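Thanks, everyone. I have one model to go through today, and I will keep to the parts I looked at in detail. Please have the structure open while I talk.

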Amino acid sequence: MTTHRFVVNPVLCTGCRTCELACSFTHSVNGKPGKSRIYPLDGGFKDLWVPVVCLQCEEAACAKACLVDAITRNPETGAMDLDEDRCVRCMACVAACPFGCSLHDSHHNLVVKCDLCGGDPACAHFCPTQALSYKPIEIKKLKSA
Amino acid sequence: MVTLTINGKLVQAEEGEMLLAVIERQNIDIPSTCNHKAVEPYGACRLCTVEITHPKWPGWKKHVTSCLYPVEEGLVVSTHAPEVIELRKTLLDLMLARSPKAKLVQDMAAEYGVTRTSYEEVPDGNDCILCGLCVRVCDQMGFHAISAVGRGHGKEIAPPLDEPPPDCVGCLACAQICPTNFIKYTDAGNKRTIWGKEFELIACERTGQPTITKEFAEYLSKHRDIPEEYFKRNDLTHRRELAATMGKISQWQREEEE
Amino acid sequence: MKQEFDKIPEIISKHRQDPESMIMILQDIQREYHYLPKEALEKTAAALDIPLSKVYSASTFYKTFSLVPRGKNEIRVCVGTACHIRGSKLILEQLENMLDIKAGQTTKDMEYTLESVACVGACAMAPLVVVNDKYHGSVKVSGCKKLLRNK
Amino acid sequence: MTIQNLQQLKDLQKKVTTEKKKFHKKVIVCCGTGCLANGAKAILDEFKSVLSKKKIRNFAVEAVTETGCHGFCEQGPLVAIEPEGTFYTKVKPKDVADIIEESIRGDKVIERLLYTNPATTEKTESYRNIPFFSHQQRIALRNVGNIAAHDIKEYIAVGGYQALYKALTKMTPDEIIEEITKSGLRGRGGGGFPAGRKWRTCADVESDVRYVICNADEGDPGAFMDRSIMEGDPHGVLEGMMIAAFAVGAHMGYIYVREEYPLAVRNIKAAIEQCEEFGLMGDDILGTGFSFHIRIARGAGAFVCGESSALMKSVAGEIGEPRAKYVRSVVKGLYDKPTVLNNVETFINVPLIIGKGSKWFAAIGTPKSTGTKVFSLVGKVRNTGLIEVPMGTTVREIIYDIGGGILDDRPFKAVQTGGPSGGCLPESKLDLPVDFDSLTEAGSMMGSGGMIVMDDKTCMVDVAKYFLSFLVDESCGKCVPCREGLYQLHKLVVKVSEGRGEEGDLEKMEKLSKSIVMGSLCGLGTSGPNPLLSTIRYFRDEYLEHIRDKKCRAGVCRELITYRVNEKCTGCLACISACAYHAITGKKKEVHVIDQDKCTKCGACVAVCKQDAIDVF
């Protein structure tokens, strides 16, 4: 069975921030650019940039913290999707995510997080250096117990 | 899957779905104020009333609130039947008499051609349209800090005994969900005030930026099993830390590759 | 002067400790103290493990309850349909006048609370006034003085 | 003792009846709320004390029976002496000794205490000959007023709990439901939904738990039949509930009763305790293995709790806000479980239907509305009280034959049925047969059975205003059309009644009513405009008079009337002292004058004037 995995390779990142732009425009709100879900941050070493983005954790703190069940795993993309219509903007997920990847878009008063663009992440699409990639990977079927 | 007809168009919907969700998916604009995905449908504003009929009920039609009417195979829905439009007009006219200054009500009413109420303005009217979203979301989240008080025309939303509500954790969900922004709060530095209750916001260890209230964090740790230390830093600090960790790993990788 | 509400725990303990009992517990407390002090709401909420907001909400939703102290004597004027047709409005106004309060209020000396109720189910004797649980039927405007005297 | 089978039940019945046979006379003191208010307790105590002192030789007297309401509340306190049926009205404690002497030891009748027919001024000895009673057919009220409500043995003596036994041992649940369906019994609480169909639906829903609830909230102002039934025959209600529970497979039941009915609460509570003691309720009822428990839930004053989903929320201890129901409560009711909810009068018919058969019941009344209906006949009618007649009896028969006509021989104007959800019927509808469908068609409804008679001194605009103000007060406030719509509707009627009405107001009210009916969440709202709409329908002229001529022909709407003293005034000063606003001046033996600026039109002067010297126009 084939699935895709979002892979970040900071070694290839040049900090050009194209990913941010791509994300921002892909997630526009009422025709205006939205808050980017991805942040290339200083990796602490010379010329090292780390694009920080949601890790789509197995046991996600954001989903656990959400008291209205607005964050659920998308079975198709594997992403933890945040249902904007269900979200009540209590900021529990923003506070709870240990990686800071649930974000408050104060401009539009929305809580946002990476949803892998529904299976075609724009950031990876536009990354000029392949630091971000969305690759098909083969999952060996485990024998079910 | 069930198939139904909405305004003459065949539409597919999931079994058990409410009519309103299906209608909205069709980009058909009908007003509604008390519906929100986070809470159970309530049916209070009645604005989303539609006319329905069914081939099995020849000559029969009825009016139902679409927010809590589950889809049915073969249902024929009309979202803008003349009687329904008339009802919405009256309802918005009535709502305008109570909340003449609420922008949401003004806008919806204007769409139905009502710019001023034709009824007597309610003397102590305000922007609260009593949709009950705040109470329901508070209940849904498990706090039950506020509730409806009184009944009938004099009903209002308030904390118990009009005192700072003991069960409130200051999450602001009520204020955020309020469709007319009637519920007020203030955030000043690391102090938050809502419903007359003061809260201290946790300050990020690194940046000093306020995050959520201490009470809310405690609740989430206790009931949702989220480690307390997660709440000590804000999202920016968390991201920086992640970048730093990943940076270290990448640096090793880089060094190895060299 | 702080009033003691020491009977509240006892009243609560007489009922099943179940949310179903909430209204009846509040009724019994109301009966004892003629109103629901704050402690009543808090203790009921704690005993039945229901949020205080729900207890408060119920205490304001149901007409039986009062959150402010009431007078020693409760005068309830039935304004049910049968009583209305037979002139209960005049009776109510007469009593309002005599006591110098409106329905729903309590006299300053805490002697009387005047209330209108929507039918006590004794319509054959309309108009009806209930003074401290005692029913007075076929009341006339001229008989109101007597009602207050013979409480 | 615990009753294990039919034989033991019958033995007990026999034992109690034999004991009773020893007595030659039986004194019944009505202790319904009406009579108690008129002083029945003192009469009862007096009887008890005199009888305990006096040895009445040869004539054994059955201990004075404290019964439920006879219905003839206006004449109370009532005392009846069986077997003659001698019926004494307005009895005072000092009369008790005479009654014992004359009518119990002797066989004489005390003239002065007899009921006088106001129409013929004849005195009637036995209540069986009083038109108020003779025109009735008492089925639901069969025991009310005849047996001591607080004693289960009395109920058993009249055959009580035998229908339950029959249902539990000789019938399957399906047969019971079938029997109820065939009887045509429709819910007596208002809507008239067929009880059999309701039970069938409930029984057919897959569920581990089911509930039976008896609605005894009786929120309709002007109605008190459920109160009297619970006060006078609580066991009948319990038996009906138990049969229903067995039929649908429920093991838990609730009686939701108004706190304003303390006597009803007390009697029902006592009845439940006795049932448990006799093995008629609880686990293994009558040795059949069937178990059923009943809890009392006291309502706390909310008319909206008559609505099924609101009632169920209230039973669960929440506020009575109705749930929008596209799933009916019979499928998803109390705690989301299938629930049968019927009212008191519905349940009390059940044991009779099971006992005597559906055919017997269906033969009473009309084909579509079978059986009888209890009404509280009140307002401007001569004989007020509780009555029971076969469905299909005309309004005229009820008001004139039983009610004895309009008070003070004034002209009949309207009769209001169905409470705040019902409407007013004019004179042209006097020959309307009273059944579920005819009433609905005429723009009113059966409701729980209040029947309020109105004469020409009743203003129909005021009546509509009254009901709307009641409903505005009782609306739960959840949905917009009811909360805001009824409020505005009330404002409009007030405007008309105060003489500020304009052309177009009637149409505006009708249009708003339509939206309220169409848009409201529960029955309170959807039927809320009925009193207004029915009065506009039948009394449009009166509304137009208020709007155009600024006149209230009934002399009720204050803003449109004036009080004036006429030449009949003898100068007695009575009105002057009655006027709380000091609006009347005048000297003794001189015609008094009302200062129009001070007059609030409260009517206190009219009430005290013996000369009919104050005109209202």
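Helix H6 of chain B, residues 214–224, lies across strands E10 and E11 of chain B, at about 65° to E11(B). Bear in mind throughout that this is a predicted model. The sheet under discussion is open and has 4 strands, in the order E8-E9-E10-E11 of chain B, with antiparallel pairing. Strand E8 (185–188) and strand E11 (210–213) of chain B each have a single partner strand, so one side of each is left without a neighbour in the sheet. From one strand to its neighbour in this sheet the average turn is 30°, direction ignored.

Within that sheet, E9(B), residues 191–194, and E10(B), residues 197–203, run antiparallel and are joined by 4 bridges. Which residue of E10(B) is the bridge partner of Arg192(B)? That is Phe199(B).

Now chain B as a whole.

Chain C has its own division, into domain 1 (8–61) and domain 2 (73–149). The centres of domain 1 and domain 2 of chain C are separated by 28 Å, taken over C-alpha atoms.

One residue of chain C is worth a stop. Ala122(C) sits in the loop between strand E2 (112–117) and strand E3 (129–131) of chain C. Is Ala122(C) buried or exposed? Ala122(C) counts as buried because it has 31 C-beta neighbours inside 10 Å, and the cut-off for buried is 20 or more. Setting aside neighbours within four places in sequence, its contacts in chain C are Leu128(C), Tyr135(C) and Gly137(C). Lys146(C), by contrast, is 24 residues from Ala122(C) in sequence and 20 Å away in space, C-alpha to C-alpha.

Next, the nonpolar core. In soluble globular proteins, nonpolar side chains tend to be buried together. In this model the largest nonpolar core has 382 residues. The residues with the most contacts inside that core are Cys62(A), Ala92(A), Cys134(B), Val137(B), Ile243(D) and Ala244(D). Taking one of them, Val137(B) touches Val88(A) in chain A, and Ala38(B), Val39(B), Ala173(B), Cys174(B) and Ile177(B) in chain B, with residues up to four places away in sequence not counted.

In chain A I have one hairpin to show. Strand E6 (residues 102–105) and strand E7 (residues 110–113) of chain A pair in the antiparallel sense over 4 bridges. Asp105(A) has Leu110(A) in E7(A) as its bridge partner. The hairpin leaves 4 residues between E6(A) and E7(A), and Asn109(A) in the turn has a positive phi of about 45°.

Last, a sheet in chain D. There, 5 strands form an open sheet in the order E12-E11-E15-E13-E14, and the pairing is mixed. Strand E12 (385–390) and strand E14 (423–426) of chain D are the edge strands, each pairing on one side only. The twist from one strand to the next averages 30°. Strand E13 (residues 412–417) of chain D runs antiparallel to E14(D), joined by 4 bridges. In that pair, Val415(D) has Leu425(D) of E14(D) as its bridge partner.

Key
Residues numbered from 1 in each chain as written. Chains lettered and ligands numbered in written order. Predicted model: local features only at pLDDT ≥ 70, side-chain atom pairs only at ≥ 80, totals over all residues. Core = buried A, V, L, I, M, F, W, Y, C linked by C-beta atoms within 7 Å. Buried ≥ 20, exposed ≤ 12 C-beta atoms within 10 Å, placed from the backbone. Contact = placed C-beta atoms within 7 Å. Domains from an automatic or database assignment. Pairing = 2+ DSSP bridges. Helix = DSSP H or I, 4+ residues; strand = E, 2+ residues; numbered from the N terminus. Axes fitted to C-alpha atoms, helices over the stretch in contact; angles between N-to-C directions.
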